[in-house]
Amino acid sequence: MLFLLNPMTAVYVAAALIPAIVLLVYVYRHDKIEKEPPKLLALMLVGGVLATLVSLVLETVGQTILNRFFYYATPLYYILLAFIVVACVEEGSKLLFLKLFSWKNPNFNYVFDAVVYAVFVSLGFAAFENVKYVFSYGLTTAALRAVTAVPGHLSFSVFMGVFYGRAKLCEVYGDRSGRAKNLALSYLVPVFFHGFYDSCAMIGGGVATLVFLVFVIVMYIIVFRLLRAASRHDVDLIEYLQRHN
């Protein structure tokens with residue numbers, strides 16, 4: 001609770017958490033048909049924190065292995081680090097806890113629920129990660145990450161959630177290949193966007209920074225349109241099953 005902290009610590013915690021909270025509320029409001037239980041959403045946030053801890057260990061191992069093959073940083077090094085170490089590990093960890101905590105939950109009865117769950121896991125991850133960065137590097141970092149890293153994690157999770165929801169729909173009508181394909185896409189698509197995002201950020205320099213800015217703006221436009229469309233065209237999984245049997 002912020003009021004129990006000293007004022008400066010409270011400011012740092014607020015700066016780290018508020019961007020994630022704002023986006024969580026935004027997505028929660030788009031779940032228009034049937035709101036998810038608070039306990040389940042809290043579990044998704046815990047899943048995000050656990051995914052952060054798993055990622056921290058795996059990324060350390062992955063970067064140690066990568067460093068054995070590269071004696072100095074090159075663009076190729078950063079691309080491999082961004083895609084194979086960071087994006088594969090972080091999106092894999094998020095998807096692991098997302099599926100573990102939601103796939104068989106009876107509250108998962110609308111396709112858009114998948115987006116909500118994925119966003120809560122991802123922003124739980126982003127918020128926990130943000131606290132570490134803000135206390136390490138200060139409020140300037142908090143301001144920068146509020147418009148880059150935190151909405152970036154939201155973006156990756158919307159892609160994950162859309163395909164995850166389609167995978168659940170495929171399972172409902174017995175399409176095993178569709179289920180497998182969409183589960184794979186729920187991992188591979190966010191890995192691509194996350195890896196490209198981090199590659200540009202890590203490489204730096206004029207061209208990479210320009211590409212990064214254009215990429216982020218386009219990605220945000222796509223994601224918020226996709227989010228609104230998924231909310232408008234939600235599907236009741238139980239009703240869908242009854243209609244097709």
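Helices are DSSP runs of H or I with at least four residues, numbered from the N terminus, as are strands, which are E runs of at least two.

**Leucine 50**

Leucine 50 lies in helix 2 (residues 38-67). The structure is a predicted model, in which local features need pLDDT of at least 70 and side-chain atom pairs count only at pLDDT 80 or more, while totals for chains, interfaces and linings use all residues. Residues are numbered from 1 along each chain as its sequence is written, and side-chain values use heavy atoms, with hydrogens and water left out.

With a relative accessible area of 32%, leucine 50 is partly exposed; this class lies between buried (under 20%) and exposed (over 50%), for a 1.4 Å probe and protein chains only. Leaving aside residues up to four places away in sequence, leucine 50 touches Phe97 and Phe101, where contact means heavy atoms within 4.5 Å. Tyrosine 72 is 22 residues from leucine 50 in sequence, and the two are 32 Å apart in space, C-alpha to C-alpha.

Cysteine 88 belongs to helix 3 (residues 75-102). Its relative accessible area of 27% makes cysteine 88 partly exposed. Apart from residues up to four places away in sequence, cysteine 88 touches Phe83, Tyr187 and Val191. Histidine 194 is 106 residues from cysteine 88 in sequence, yet their C-alpha atoms are 8.7 Å apart in space.

A disulfide is defined as a pair of cysteine sulfur atoms within 2.5 Å, and by this rule the count is zero. Cysteine 88 is in no disulfide, and the nearest cysteine sulfur, that of cysteine 200, is 16 Å away. Seen from cysteine 200, the closest cysteine sulfur is that of cysteine 88, and the distance of 16 Å is too far for a bond. Cysteine 200 counts as buried, at 9% relative accessibility.

**Packing of helices 1 and 5**

The axes of helix 1 (residues 7-29) and helix 5 (residues 139-147) come within 9 Å and cross at roughly 15 degrees. Helix 1 is therefore roughly parallel to helix 5, a class that covers angles under 35 degrees, with over 145 being roughly antiparallel, 65 to 115 roughly perpendicular and the rest oblique. The axes are lines fitted to C-alpha atoms over the stretch in contact, and angles run from 0 to 180 degrees between N-to-C directions.

Helix 1 contributes Met8, Val11, Tyr12, Ala15 and Pro19 to the contact, and helix 5 contributes Leu139, Ala142 and Ala146. These residues divide into eight nonpolar, no polar and no charged; Ala, Val, Leu, Ile, Met, Phe, Trp, Tyr, Cys and Pro count as nonpolar, Asp, Glu, Lys and Arg as charged, and the others, Gly among them, as polar.
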